[in-house]
Amino acid sequence: MSDARFEDGGEAPLRLIARDDADLQVISALVQDAVFPASEMQFTRRDRRFAILLNRFRWEDAPGAERRRRDFERVQAVLMLNDVLAVRSQGVPKGDADTVLSLLSLAFEPGDEGAGEVVLTLAGDGVIACQVEALEVVLKDVTRPYIAPSRRAPEHS
């Protein structure tokens, strides 16, 4: 029996959980340039959960799309933070379906005894900070991939 290769893996929706900073960096890279209407964010205090339904660029598929000269893809995904105690934001219009936000990165700022703050940095100087009792971030694709409207990969200056 030979070792498995990356190419042997079947195409499947992502379902990842981050419970430490290294895991969170992987999820951060996968949600970079995700876009979502401001109305698609929800903090449920009773469940201690903050979630966003976003349109994620499929960075993991980009090399294959380039190699095969086919269109780039996006997929709808849920980004969920658990054990959230409080949410604060700056430069983020809440509940406005006409305002589209772009997620640049996720970072964890540790506090005492596993607690800390998950910081979501948005394009245009927007920031969402979620105070968490423990780091647990879930990224789950919830639709089939679709052709990116621009048909291109996001670019940064």
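Where is arginine 48 found? Arginine 48 sits in the loop between E3 and E4. Helices (H or I, at least four residues) and strands (E, at least two) are DSSP runs, numbered from the N terminus.

This is a predicted model, where local features need pLDDT of at least 70, side-chain atom pairs count only at pLDDT 80 or more, and totals for chains, interfaces and linings use all residues. Residues are numbered from 1 along each chain as its sequence is written, and side-chain values use heavy atoms, with hydrogens and water left out.

**Confidence**

- pLDDT is the predictor's confidence in each residue, from 0 to 100.
- The chain has a mean pLDDT of 91, and 93% of its residues reach 70 or more.
- Residues 4-9 stay under 50 in pLDDT, and the model gives them zero contacts beyond four places in sequence. Contact means heavy atoms within 4.5 Å.
- Where pLDDT is low, the predicted coordinates should not be read in detail.

- Arginine 48 is partly exposed, with a relative accessible area of 26%. Buried means under 20% relative accessible area, exposed over 50%, and partly exposed in between (1.4 Å probe, protein chains only).
- Arginine 48 has a positive phi of about 55°, although it is not a glycine.
- Most residues other than glycine have a negative phi, and most peptide bonds are trans.
- The side chains of arginine 48 and glutamate 133 make a polar contact of 2.5 Å. A polar contact is a pair of N or O atoms within 3.5 Å; within protein, one must be able to donate a hydrogen and the other to accept it, and residues adjacent in sequence count only if both atoms are side-chain atoms.
- Glutamate 133 lies in the loop between strand E9 (127-132) and strand E10 (137-141).
- Glutamate 133 is partly exposed, at 42% relative accessibility.
- Not counting residues up to four places away in sequence, glutamate 133 touches Arg48, Asp83, Leu85, Gly114 and Ala115.
- Aspartate 83 belongs to the loop between E5 and E6. Its relative accessible area is 27%, so aspartate 83 is partly exposed.
- Aspartate 83 touches Arg48, Gln131, Val132, Glu133 and Ala134, again leaving out residues up to four places away in sequence.
- Aspartate 83 and leucine 135 are 52 residues apart in sequence, and their C-alpha atoms are 7.6 Å apart in space.

**The loop between E4 and H2**

- Arginine 58 is placed in the loop between E4 and H2. Aspartate 61 lies in the loop between strand E4 (49-57) and helix H2 (62-68).
- Arginine 58 has a relative accessible area of 5%, so it is buried. Aspartate 61 is buried too, because its relative accessible area is 8%.
- The side chain of arginine 58 makes a polar contact of 2.3 Å with the side chain of glutamate 73.
- A polar contact of 2.7 Å joins the side chains of aspartate 61 and arginine 70.
- Leaving aside neighbours within four places in sequence, aspartate 61 is in contact with Glu11, Arg70 and Glu73.
- With such neighbours also left aside, arginine 58 is in contact with Glu11, Glu73, Arg74, Val75 and Pro145.

**Arginine 69**

- Arginine 69 is located in the loop between H2 and strand E5 (73-82).
- Its relative accessibility is 76%, so arginine 69 counts as exposed.
- Arginine 69 is a residue other than glycine with a positive phi, near 55°.

**Leucine 79**

- Leucine 79 is part of strand E5. At 0% relative accessibility, leucine 79 counts as buried.
- Beyond four places in sequence, leucine 79 touches residues including Ile27, Phe50, Leu103 and Val137.

- Strand E3 (41-44) and strand E6 (84-90) each supply at least two lining residues.
- The lining has seven nonpolar, three polar and two charged residues.

Technical notes. Nonpolar A, V, L, I, M, F, W, Y, C, P; charged D, E, K, R; others polar.
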